[in-house]
Structures are given as structure tokens and as C-alpha cells.
Amino acid sequence: MHPAPRTQHSAPLGLYIHIPFCSAICNYCNFNRGLFDADLKTRYVDALVTEIGRVGRAGGAGREEADTIFFGGGTPSLLEPDEIARIIATCDASFDVAADREVTLEANPETVTEARLAAFRRAGVNRLSFGVQSFKDEELRRLSRLHSAGRARDAAGEARAAGFENVSLDLMMWLPEQRVADWLASVDAAIALAPDHLSLYLLEIYPNAPLKDDMARARWSQAPDADAAAMYLESLDRLDAAGYEQYEISNVARPGRRSRHNLKYWTDGEWLGFGCGAHSTRDGVRWKNVASTEDYADRIARGESTAVDARRLGPDERLGDALFTGLRLVDGIDGDAIQRRYGVDVWRRFGPDLERFLEAGCLRREGARLGLTRRGMLLANEVMSVFV
Ligand code: SF4
């Protein structure tokens with residue numbers, strides 16, 4: 001069962017659409033994805049359209065407001081532009097999606113051409129997020145990525161030529177064998193392409209990742225922790241100097257180009273996720289869809305629910321989540337807003353535990369706002385554990 005329709009309307013919803021197909025599986029990847037299969041993809045798109053329509057109709061008489069659509073994956077750019085157009089049209093028919101919507105498509109550089117990107121633009125996509133990861137070919141090879149640095153550069157240029165005014169690039173730091181100077185060279189290469197937004201992620205090597213074996217076989221290592229900290233801090237300094245504003249631990253943007261969709265996750269917002277493994281949070285209820293692509297499509301075809309693990313969040317959990325995610329933002333947590341929404345004085349409740357982080361220069365407190373300093377962002381997990 002999907003949870004009941006909304007009882008109160010707050011900010012517009014975000015709509016997340018999961019596309020679980022990839023041309024090859026990267027050795028470090030821990031996402032919900034599988035190899036591209038044309039027949040399954042066709043069945044999956046039909047299922048998505050059915051699910052979106054079904055959930056939209058469950059909203060009752062009036063269509064619920066939404067203002068962002070985010071195609072994430074996987075590799076959403078493996079879908080055909082007319083499939084993307086069909087899904088967006090279904091969102092429009094099922095939700096009241098704002099005219100000034102943000103519609104993001106995650107794209108891998110090797111999957112696009114200028115003509116294909118122009119077709120995505122005509123389909124209604126207005127923001128591209130490229131999974132670049134590195135501008136060094138040997139680093140891309142170590143990650144088993146399919147594209148080269150040159151292809152990533154070309155894709156960014158093709159996006160502009162295709163009419164995209166909002167382009168984001170993802171980069172990953174602390175890669176095997178990557179030194180601080182290598183990382184900064186990738187950051188400089190990204191800045192040279194003048195994207196509107198950049199996401200900087202730290203490579204996390206999960207326990208069973210094939211990359212772990214590749215590293216052992218080839219005797220690759222990661223730089224020491226202190227170098228990882230230097231990578232983070234020095235790249236942010238360069239991005240500051242280039243006119244980017246850091247607004248979240250891992251994200252910077254030109255003014256007006258913050259990811260509106262992702263901000264919903266960090267500002268106690270509400271969103272609906274469609275497709276296998278997609279998560280949703282609405283009206284204090286959280287649920288996720290069944291993870292398997294086939295199971296998801298089968299359930300939709302049989303008219304069954306795809307939601308699993310639906311549960312109402314308790315007041316402390318909601319508060320903890322709001323604080324935990326809010327602290328990821330450079331603007332930090334607004335204590336007055338928390339007081340209004342949850343009836344809790346953050347400082348009175350958590351002050352004694354937070355004091356030591358303030359004294360250590362990891363946190364700053366300005367009026368009712370509480371945020372991490374840039375240095376504190378390196379210790380974010382430790383600070384956030386106070387709220388859990
Ligand atoms: S392209 Fe992205 S989602 Fe697909 S396997 Fe590679 S890292 Fe995972």
C-alpha cells in the first residue's frame with residue numbers, strides 16, 4: 001500500500017524517477033542498478049508511467065503540487081528522449097508540476113551526442129548532471145568507467161550547444177593512486193568548463209566492491225587521510241575563487257543554480273520516488289519501492305503495490321532527520337524553524353553535547369542558526385551523531 005493522500009499541503013513535492021540500467025557496472029558502484037536490457041527497459045518505462053499515474057490519482061480530487069523532477073540512476077541517459085518525454089508528460093498529467101520546474105537528467109558522457117542532448121532538451125529536461133568523476137584517463141580506467149576525459153569535456157560542450165543553461169558535473173576525490181595535485185587538476189579542468197554546479201564526492205569503497213580486489217591485485221592505494229582532507233579543503237578554496245558558492249557539504253553552485261530537487265532532501269522537504277528501490281517521504285511517512293527491477297515491473301503489471309517498509313516516523317526521528325540533514329547545509333539549521341515545527345529548542349536539548357564542537361571550531365552559532373564550519377564538515381559524521 002502507498003500511504004494515504006496528503007492531509008496538509010506544504011512546499012511542492014519533488015518527483016524522483018529511478019532508472020536502474022547501465023551499459024557496464026563500475027567496480028566501485030553500490031547503487032541499485034543492473035545491465036541494460038532493451039526488453040526490460042521497455043517494460044520498466046511502461047511500469048513507471050503506470051505507477052506515476054496511480055500515485056498521482058491517489059492524491060484525490062486535486063493534483064498535488066510538485067516543482068522538481070529528477071531522473072537518477074543507474075544511467076537515465078540510456079533511455080530514449082521520447083521515453084523521457086512520455087514520463088514527464090505523465091508527471092504533468094498526474095501532478096500539478098510548476099511551470100518553472102527543474103527537470104534533471106543524470107547522464108554519462110559516453111551515452112550522449114549533441115543531437116541526443118537536444119532531443120532530451122525538447123523532451124522537457126532543463127538540467128543535466130554528468131557523471132564525470134575525473135579528468136584523468138588513468139583514474140577513469142581504475143574506476144572501470146567507460147568514458148575518457150576528452151569525452152566528458154566534449155559532452156559538456158555538447159550540452160551547451162544543445163541549449164542547456166544548467167549543467168552540473170560530478171567529481172570523485174580520494175581515488176586509488178590519486179594524489180592531491182591530481183585531484184586539483186581535475187577540479188581545475190572542471191572549472192575551465194564553467195559548469196553551473198559541481199558535486200564533489202569522496203570515494204567510498206564498500207566491503208564487497210570489486211574495486212577492492214582490483215586495488216589489491218594492482219597494489220593501488222589511497223592517499224593518507226590528511227591528504228583527503230587537503231583535497232577537500234583546497235578544492236573548495238579554488239571553487240570559491242572561481243565564483244562558486246558552497247551550499248552543502250559536497251555541493252557548490254553558481255548563484256541561483258543550487259539543486260532545487262536535492263535541497264528538498266536537506267531542508268526537511270517531501271518527495272515521491274518512482275521506480276525500483278526509490279524512496280519517498282510524505283506527511284511523516286517514509287517508504288521505499290521493492291528493489292528488484294523485474295519484481296517492480298511484475299508487481300505493477302499485476303496491479304499490486306510496489307511499496308515496502310512503509311512506516312510513520314516518530315517525532316524524535318523526524319526531528320533527528322531534520323537536524324541531521326540540515327547540518328549538511330552551509331546555512332545550517334534554523335533553530336526558530338525547528339522550534340515552530342517540532343516544538344523543540346535545539347540548543348536546550350543538544351547544547352551540552354554540541355558545546356565541545358563549538359569550542360573546537362567545528363560548529364558556528366549565529367543567532368538561531370547552527371552550522372558546520374568548513375573544517376567541521378570534515379568531521380560531520382561525528383557532529384551529527386549527537387542528533388541520532
Ligand atoms: S554508471 Fe553509475 S550507476 Fe552505473 S554502474 Fe557506474 S557508478 Fe553505478
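Strand β12 (residues 279-282) and strand β13 (residues 285-289) pair in the antiparallel sense over four bridges. Two strands count as paired if DSSP finds at least two bridges between them. Helices (H or I, at least four residues) and strands (E, at least two) are DSSP runs, numbered from the N terminus. In this pair, H279 stands opposite K288 in β13. Two residues lie between the strands of the hairpin, and D283 takes a positive phi near 50° there.

The model is predicted, and local features need pLDDT of at least 70, side-chain atom pairs count only at pLDDT 80 or more, while totals for chains, interfaces and linings use all residues. Residues are numbered from 1 along each chain as its sequence is written.

Next comes a sheet. Strands of a sheet pair through backbone hydrogen bonds, either parallel or antiparallel. Here an open sheet of three strands has the order β15-β17-β16, and its pairing is antiparallel. β15 (333-334) and β16 (363-366) are at the edges with a single partner strand each, so one side of each has no neighbour in the sheet. β16 pairs with strand β17 (residues 369-372) over four bridges, in the antiparallel sense. Within this pair, L363 stands opposite L372 in β17.

Helix α13 (residues 346-359) lies across β15, β16 and β17, and runs at about 135° to β16. Axes are lines fitted to C-alpha atoms, for helices over the stretch in contact, and angles run from 0 to 180 degrees between N-to-C directions. α13 bends by about 70° at P352; the bend at a residue is the angle between axes fitted to the seven residues ending there and the seven starting there. After α13 comes G361, with a positive phi near 80°.

How do two helices pack? Helix α1 (residues 38-58) and helix α2 (residues 81-94) have axes 9 Å apart, at an angle of about 10°. α1 and α2 are therefore roughly parallel to each other, a term for angles under 35 degrees. The contact is made by V45, L48, V49, I52, G53, G56 and R57 of α1 and by E83, R86, I87, T90, C91 and S94 of α2, where contact requires C-beta atoms, placed from the backbone, within 7 Å. These residues divide into six nonpolar, four polar and three charged. Ala, Val, Leu, Ile, Met, Phe, Trp, Tyr, Cys and Pro count as nonpolar, Asp, Glu, Lys and Arg as charged, and the others, Gly among them, as polar.

The residues around the ligand include C22, C26, C29, R33 and N108, by the rule that the C-beta atom, placed from the backbone, lies within 6 Å. The shell divides into five nonpolar, five polar and one charged.

Key:
Angles under 35 degrees count as roughly parallel, over 145 as roughly antiparallel, 65 to 115 as roughly perpendicular and the rest as oblique. Two residues are in contact if their C-beta atoms, placed from the backbone, lie within 7 Å.
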